[in-house]
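This briefing covers one protein chain, grouped by topic. Please look over the sequence and the structure before reading the points below.

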Amino acid sequence: MAAQFTVPVLGTRAQRIQQAASTQAISVAVAPRRIAIERNDHNHADACEVTLDWTDATLDPRMLDNGVVSAFIDDANDSGFWEPRHFNCRFIGLVKDTDRDAPAVDEPLVVTVSAIDYTDLFLKAKPFGSKGIPHLSQSLQEAWETVISQTPGAEALAKQIEFQDVSPGVQVGSAVSERFRKLARVPAKPGTDAWAVWQQCVGMLGLISYFELDTCIVTTATNLYTELDPPVLTWGDTLVSLKESRQEKLARKAVGITSFDSESGATLEAFYPPIADSRVKRKRARAKKILSDEAMRQGEERDWFSYPGISDQQVLDALAQRVYEERGRQELQGRGRTAEMRVPTVSGASFDLLNLKAGDSVRIQFAENERQTLLRLPTDGARVRYLVNRGADEATAQLLAANIREFAQLESTFLVRSVRIEFEIDDDSGSFWIDVEFINRIQVDGASA
């Protein structure tokens with residue numbers, strides 16, 4: 001692992017004053033003792049902590065104001081060689097906090113730098129100024145630049161945007177549903193932040209957006225519903241611990257589906273249960289007066305999903321019902337830990353787990369030899385003891401032991417909710433692990449058990 005700090009000013013007070021008058025930045029490469037990276041969904045910022053010996057870095061925390069942190073992690077080759085490169089850069093973000101601490105009298109000072117990705121600039125731009133809210137007549141590229149113009153500190157990101165499978169020239173308002181067409185600007189709630197405004201712009205087109213390193217990505221959300229070639233984490237092989245539980249409170253929550261059809265340039269919306277249905281939980285008490293469908297919709301609690309490419313309203317309505325029903329059958333969440341940097345995919349290809357992020361798919365399965373071992377044990381109690389000794393928590397062990405014969409028929413591909421990577425070394429040894437938090441994917445083809 002390695003890290004790099006890029007700061008606008010560095011050095012003595014006189015040098016800092018001189019440098020502050022220019023636009024030049026100084027980059028400092030350091031050898032950290034620990035890097036921890038947390039990857040979250042596209043509505044939340046990713047975070048990183050870099051810990052290093054002060055004697056090695058010779059950095060005063062006050063020198064890191066307004067700095068940018070780049071973190072690099074990779075698997076060395078058979079000769080032990082590697083070098084920081086763009087392809088193994090795992091995080092780029094802004095310095096948030098710096099701490100200098102002495103763990104003990106005879107130990108060196110330790111500097112810990114906490115950083116957060118560029119999403120944070122937009123989340124902090126709250127309440128967001130009305131001048132930064134794009135017009136429905138603007139293209140996505142123009143809308144991005146409009147949001148940037150009113151987001152402090154984000155000016156350098158105006159051109160740092162990448163459109164995947166979507167044209168940057170598509171008009172924000174060209175595909176909105178009928179209820180939005182009378183508005184001049186993108187609808188935004190009072191007191192909202194810049195990121196919510198931008199997500200509204202892309203969401204109206206059935207798209208999602210997130211930061212990958214220092215670039216904003218705009219893309220379709222197909223991986224929420226399709227299996228391409230997910231990496232495989234295997235209990236009894238690449239997984240060193242596993243925990244699973246069921247989320248009853250989300251199992252029957254109402255859903256909304258948006259779909260952007262690039263050929264017709266239209267966005268459709270579907271709801272299940274329907275608007276004003278008694279099964280839908282409301283954000284506030286029902287008003288005594290009769291409300292319009294739009295007012296009723298705004299007061300309902302729904303989870304929204306994007307499914308691009310559908311131009312038939314009846315098909316989208318059926319899809320919304322299927323999502324609701326499949327979600328109600330099982331809403332499972334879990335966490336698995338691995339010490340591997342690379343694992344095979346379903347097709348047998350090699351997958352770099354350091355690139356895994358929220359929204360990806362992952363397969364969690366039993367090693368066949370582990371499954372046969374469990375089947376040979378005489379009782380569920382013996383199976384639970386075996387699994388607990390192998391790293392499973394008690395509740396998960398009971399679940400696995402009771403259902404070991406049926407697991408081969410159950411869907412084993414899950415949606416990644418978050419990823420945490422931690423790599424730490426000391427004078428004698430080191431540790432590395434990746435925690436993957438996952439939830440069951442919505443099987444819109446009806447394949448969920």
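In β10, threonine 219 is the residue that stands opposite isoleucine 208. The model is a predicted one.

- β9 and β10 run antiparallel and are joined by five bridges.
- The sheet is open and has three strands, in the order β8-β10-β9, with mixed pairing.
- Each of β8 and β9 has a single partner strand and stands at an edge, so one side of each is left without a neighbour in the sheet.
- From one strand to the next, the twist averages 25 degrees.
- α4 packs on this sheet and touches β8, β9 and β10, and its direction makes about 155 degrees with that of β8.
- α5 also packs on the sheet, with β8, β9 and β10 as the strands it touches; the angle between its direction and that of β9 is about 130 degrees.

**Helix α4 and its cover**

- Seven of the ten residues of α4 are buried, and the helix is mostly covered.
- The buried residues of α4 are Leu140, Gln141, Ala143, Trp144, Thr146, Val147 and Ile148.
- An α-helix has 3.6 residues a turn, so residues three or four places apart point the same way.
- The cover over the buried residues of α4 includes the helices α3 and α5 and the strands β8, β9 and β10.

**Aromatic rings**

- Trp144, one of the buried residues of α4, belongs to a cluster linked by ring pairs, together with Tyr118, Phe122, Trp195, Trp198 and Phe211.
- The count of aromatic pairs comes to eleven.
- The rings of phenylalanine 423 and phenylalanine 432 have planes at 80 degrees and centres 5.8 Å apart; the pair is therefore edge-to-face, as the angle is over 60 degrees.
- Phenylalanine 423 has a relative accessibility of 17% and counts as buried, because the cut-off for buried is under 20%.
- Phenylalanine 432, at 14% relative accessibility, counts as buried too.
- Arginine 337 places its charged end over the ring of tryptophan 433, 3.9 Å from the ring centre.

**Backbone features in loops**

- Lysine 126 and proline 127 are joined by a cis peptide bond, with omega about -5 degrees.
- Proline 127 is in the loop between α3 (119–124) and α4 (140–149).
- A cis peptide bond also runs from tyrosine 272 to proline 273, where omega is near -10 degrees.
- The loop that holds proline 273 lies between β14 (266–272) and α6 (293–298).
- Aspartate 165 is not a glycine, yet its phi is positive, at about 60 degrees.
- This aspartate 165 lies in the loop between β8 (161–163) and α5 (194–203).
- Leucine 213, another residue other than glycine, has a positive phi near 60 degrees.
- Leucine 213 sits in the loop between β9 (208–212) and β10 (215–219).
- Is each of these two residues buried or exposed? Aspartate 165 is exposed, with a relative accessible area of 72%, whereas leucine 213 is buried, at 18%.

**Strand β4 and its partners**

- β4 (residues 47–53) is mostly covered, with five of its seven residues buried.
- With β3 (residues 34–39), β4 pairs in the antiparallel sense over five bridges.
- β4 also runs antiparallel to β7 (residues 110–116), and seven bridges join these two strands.
- Glutamate 49 of β4 is the bridge partner of alanine 36.
- In β7, serine 114 is the bridge partner of glutamate 49.
- Strands of a sheet pair through backbone hydrogen bonds, either parallel or antiparallel.

**The chain as a whole**

- The chain contains ten helices and 21 strands.
- Of its 449 residues, 49% are buried.
- Among contacts in the chain with a separation of 6 or more, 69% are between residues 24 or more positions apart.

Conventions:
Residues numbered from 1 in each chain as written. Predicted model: local features only at pLDDT ≥ 70, side-chain atom pairs only at ≥ 80, totals over all residues. Heavy atoms only, no water. Phe/Tyr/Trp six-rings, centres within 6.5 Å; stacked < 30°, edge-to-face > 60°. Buried < 20%, exposed > 50% of the residue type's maximum accessible area, 1.4 Å probe, protein only. Lys NZ or Arg CZ within 6 Å of the ring centre and 35° of its normal. Helix = DSSP H or I, 4+ residues; strand = E, 2+ residues; numbered from the N terminus. Contact = heavy atoms within 4.5 Å. Pairing = 2+ DSSP bridges. Axes fitted to C-alpha atoms, helices over the stretch in contact; angles between N-to-C directions.
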